[in-house]
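Look at the sequence and the model before reading on.

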Amino acid sequence: MRGLNGRAALVAIAVAALIGGTILGRVTSGLGGGGLGEIAASRGLTADEAAGALKSFVAPGKYDEYVLLASGGHSGQVHFVGIPSLRLLKTVPVFTPESWAGYGQKADSGEAVLRGGSSTAKNNEQLTWGDTHHPALSETNGTYDGRWAYINDRANGRLAMIDLRDFKTKQIIDLPNMGTSHGGVFATPNTEYVHVSSMQPVPQTPNGYAPLEQYAEHFRGMSAWIAIDPATGRGDVARSFQIELPPYTQDLGDVGKKASAGFGFINSYNTEMSVGTADREGKPLEVGAAKNDYDFLHIIDWQKAQTVAATAGKTVLRNGMRVITLQTAIDDGLLYFAPEPRSPHGVDVSPDGNYIVVGGKLDPHATIYDIDMIKKAIADRNFSGRDRFGVPILKFEAVVAAQVELGAGPLHTQFDNKGNAFTSLFLESAVAKFTLGPKAGVAAGNAFKLVDKVDAHYNIGHLATTEGDTVSADGKYLVALNKWSIDRYPTLGTLKPQNMQLIDLSGEKMKVVAEAPVGYGEPHYAQIIKLDRLAKSLQVYPVGTDPLTFRPSTHATALGRQRIERSGTTVDVYMTVMRSHFAPDVVRVKKGDTVRFHLTSVETTADATHGFAIPGYNAQVSLDPGEVVSIEIKANTVGTFSFYCTEFCSALHLEMQGWLLVEP
Ligand code: RUQ
Ligand code: CUA
């Protein structure tokens with residue numbers, strides 16, 4: 001070690017110790033010339049930073065162990081990010097047209113999905129944006145199965161489904177009888193349903209209007225249980241049901257598993273039913289909504305509710321959806337409340353299903369409910385009273401196992417496999433680690449204790465541990481989704497990126513080992529799935545596939561069968577696409593014609609993607625290997641338009657073009 005300065009030697013020792021026995025010899029012997037310690041020192045890294053780099057680095061050509069699915073906020077899209085590397089692997093367009101993927105750029109599949117989800121139930125406007133918040137991966141036996149992902153549109157009360165065979169959005173459902181939906185998005189343990197709760201209650205009147213003075217009478221929240229087709233992953237509104245809730249603001253939710261299987265849990269705030277300055281006191285909503293010390297944790301028996309929904313006469317049909325009224329929900333024992341510290345945000349169920357953890361936002365504690373205590377209190381009718389709508393309120397002391405003081409602004413909780421829970425502290429910009437109780441395998445003397453804290457930079461919202469929303473949480477990593485990055489990155493203008501931080505959970509102490517900016521959209525919530533669970537993902541489609549259905553497309557064109565057909569003023573162009581030409585490459589039409597291009601990629605090689613773009617038209621398609629896409633334009637202007645391939649596909653990519661000739 002003679003050639004090293006003191007700091008490099010320290011770093012070398014730390015790095016070598018980290019790497020461990022087998023290659024230790026090689027590392028230390030290499031330290032004399034260009035060894036790890038020297039590299040770290042020359043780059044100005046501390047031992048901790050160098051260790052973090054090794055923990056999170058994924059070598060060229062190697063794969064991440066996990067994939068994080070994060071919402072993209074009001075960009076309307078979702079991101080897939082490798083863990084531990086924090087590399088952005090893919091952005092999938094969902095609610096917003098996106099030209100790289102050719103989504104919503106006149107090509108049929110994306111157009112159909114976006115059109116299908118347009119908000120006819122609300123405003124009859126073709127929406128071209130959404131606010132993605134809370135993704136939910138499909139599950140089998142309480143574990144991610146890598147089949148589908150669901151994401152809500154917080155702005156417009158919609159739910160989208162992404163098929164994880166091709167990572168494309170296949171369906172958007174406009175959920176009736178609700179306005180905004182913050183979240184409460186989760187899949188039941190075998191994806192029987194995907195749940196979405198409403199956020200702002202809306203009037204359940206025939207024309208959808210009621211004056212704010214009649215808030216309590218007419219406005220209602222909704223707990224929507226969207227039935228999932230087990231073959232396609234699509235939501236089926238006809239088999240779905242909603243449960244009416246009092247007009248509180250319902251917030252996040254989670255599903256019971258194992259010990260609590262069959263239950264769903266939703267937080268609420270504004271149980272004061274403040275309508276802002278329209279209140280009699282004329283106070284702003286945030287003041288009116290924080291008057292009570294307690295809001296209500298909603299406890300829903302969804303197993304029972306699905307039976308009730310299937311019973312004739314127990315539901316009303318409202319805008320095509322079966323609705324269980326609030327009165328029926330109370331009478332049939334589907335809905336109970338438990339007091340929760342005011343203005344909570346996250347409610348999260350531990351992997352064994354025993355504990356339900358609520359973060360209080362305005363209260364420094366995590367409040368931990370015990371499912372056996374909840375079941376007993378329901379059976380014993382151990383109520384402290386009823387709310388003004390008649391919903392029974394379980395006694396706080398009868399259902400709460402513990403409260404752990406964590407710090408300022410507890411928001412959302414995730415879990416590991418050793419009986420620990422991790423809660424984001426928004427106001428404190430930190431993550432708190434605390435122990436659960438004996439049912440999670442924690443010795444009684446150590447139960448319900450704050451054991452560690454680590455800073456996050458800055459203003460952490462949600463967090464995700466590896467498979468932390470499932471029964472198979474494995475406690476390897478935690479990703480903090482931080483709202484503000486402030487000084488963490490070079491200043492590139494005034495709109496700053498969000499900041500993701502990777503926290504290593506393998507030791508007693510949590511450790512931030514890496515971070516990465518999110519330069520596009522705001523990740524509100526994320527889930528992390530093991531990469532090997534995504535094994536159903538395709539390299540190529542079988543040639544001639546309609547990506548919406550995964551079936552052979554009726555518009556597929558075989559080689560040698562390319563043609564142009566005219567009927568009246570409609571021209572159908574059956575075109576094949578391969579390296580490096582379109583066939584046919586000359587298309588002659590008349591001004592005023594409707595032209596439908598039916599494009600078949602006859603490529604069978606992974607990554608041999610082409611594009612098809614027509615200048616002057618909002619028309620851009622991505623054609624993945626094997627895919628069939630149709631695109632329709634109106635030839636309004638006389639001219640010569642040279643369509644071309646937008647994806648650099650081959651050495652003759654620049655030659656891959658043709659002519660659309662619009663004759664007078
Ligand atoms: S969210 S942190 Cu909690 Cu839907 Cu934005
Ligand atoms: Cu095909 Cu470029």
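The shell around ligand 1 holds no nonpolar residues, six polar ones and one charged one. Here Ala, Val, Leu, Ile, Met, Phe, Trp, Tyr, Cys and Pro count as nonpolar, Asp, Glu, Lys and Arg as charged, and the others, Gly among them, as polar. The residues in question are His133, His134, His182, His345, His462, Lys483 and His524; a residue is near a molecule if one of its heavy atoms lies within 4 Å of it.

This is a predicted model, in which local features need pLDDT of at least 70 and side-chain atom pairs count only at pLDDT 80 or more, while totals for chains, interfaces and linings use all residues. Residues are numbered from 1 along each chain as its sequence is written, chains are lettered from A and ligands numbered from 1 in the order in which they are written, and side-chain values use heavy atoms, with hydrogens and water left out.

How much space lies in the largest pocket? The volume is about 1500 Å³, taken as the space filled by probe spheres set on grid points joined across faces, edges and corners. A pocket is, on a 1 Å grid over the protein atoms alone, an open set of points where a 1.4 Å probe fits, with protein on both sides within 12 Å along at least five of seven lines; its lining residues have an atom within 4 Å of a point. Of the 46 lining residues, Lys90, Asp166, Phe167, Ser537 and Leu538 are the closest to the centre. Strand 3 gives the largest share of the lining, five residues. By class, the lining has 24 nonpolar, nine polar and 13 charged residues.

Strands are DSSP runs of E, at least two residues long, numbered from the N terminus, and two of them pair if DSSP finds at least two bridges between them. Strand 17 (residues 321–324) runs parallel to strand 12 (residues 235–245), with three bridges, and Ile243 stands opposite Ile324. Strand 17 also pairs with strand 16 (residues 316–318), in the antiparallel sense and over three bridges; there Val316 has Val323 as its bridge partner. Strands 16 and 17 form a hairpin with two residues between them, and Asn319 in the turn has a positive phi of about 50 degrees.

Gly626 lies in the loop between strand 42 and strand 43 (628–634). Is Gly626 buried or exposed? Gly626 counts as buried because its relative accessibility is 0%, where buried means under 20% relative accessible area, exposed over 50% and partly exposed in between (1.4 Å probe, protein chains only).

Notes. Helix = DSSP H or I, 4+ residues; strand = E, 2+ residues; numbered from the N terminus.
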